[in-house]
Amino acid sequence: MSAPAELTAAWTDRFGAEVTTEETAGGLSVGVPAERWVEALTFARDDLACGFFDWLTGVDELDEGFAVVVHAYSLERRHHLLVRTRVPKDAPSLPTATGVYRGAGWHERETAEMFGIVFEGHPNPVPLLLPDGFEGHPLRKDFVLAARVAKPWPGAKEPGESGHGAPSRRRVRPPGVPDEGPWAEVAERRRPAARPPEERGPDA
């Protein structure tokens, strides 16, 4: 098994200060510039024997943009690699990894739908999971979950809404519903109104 220190040395020898490294359980996490994404994955496959592609996914890092992460494994040397890069939020685009790992095709299609990241050169960039006409990218942190607006939140009711306790001074919206805008207005209309005092039980 290659030690993390050996893997770190290999990356810094090849890419110098352009990469960042962090030890993980059984391997290494490596951050690379987006413009060297395909080169980095090719290096992991060919020079570090990470021929087993496990998964690719995205992470919404808010103002910092979107991270794209690949997990690869070396069957020969038995070490893990997390190769990570970041793309800007206003124009999230990255070259496809399918020329290095064929198995990345399905994962890139899913990540494109869920985060809105474009994988340039993908051989079959068609929708994978979402229905035709779906708008938005559900795994972005600013995506509003319509189900939480259209139906009452299934958690405990606020005081005054269940017929017991004092009326709430403010209504707490379900997670994922903004405080202002059209979604907020729909959520407000859907929430049950607190019952007036005269309709409450003797313990209210």
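A: A nonpolar core is a set of buried Ala, Val, Leu, Ile, Met, Phe, Trp, Tyr and Cys residues joined through side-chain atoms within 4.5 Å; buried means under 20% relative accessible area, with a 1.4 Å probe and protein chains only. In the largest such core, of 33 residues, Trp11, Val32, Trp37, Leu41, Leu81, Val83 and Tyr101 touch the most other members. Helix 2 gives the most to this core, with 5 residues. Helices are DSSP runs of H or I with at least four residues, and strands are runs of E with at least two, numbered from the N terminus. The model is predicted: local features need pLDDT of at least 70, side-chain atom pairs count only at pLDDT 80 or more, and totals for chains, interfaces and linings use all residues. Residues are numbered from 1 along each chain as its sequence is written, and side-chain values use heavy atoms, without hydrogens and water.

Q: What geometry do Trp11 and Phe43 show as an aromatic pair?

A: Rings of Phe, Tyr and Trp (its six-membered ring) pair if their centres lie within 6.5 Å; planes under 30 degrees apart count as stacked, over 60 as edge-to-face and the rest as tilted. Trp11 and Phe43 are edge-to-face, at 4.9 Å centre to centre and 75° between the planes. Trp11 lies in helix 1 and Phe43 in helix 2, 32 residues apart. Ring pairs also join Phe15 with Trp11 and Phe43 in a cluster.

Q: Is Trp11 buried or exposed?

A: Trp11 is buried, because its relative accessible area is 0%. Phe43 is likewise buried, at 6%.

Definitions and conventions:
Buried means under 20% relative accessible area, exposed over 50%, partly exposed in between (1.4 Å probe, protein chains only).
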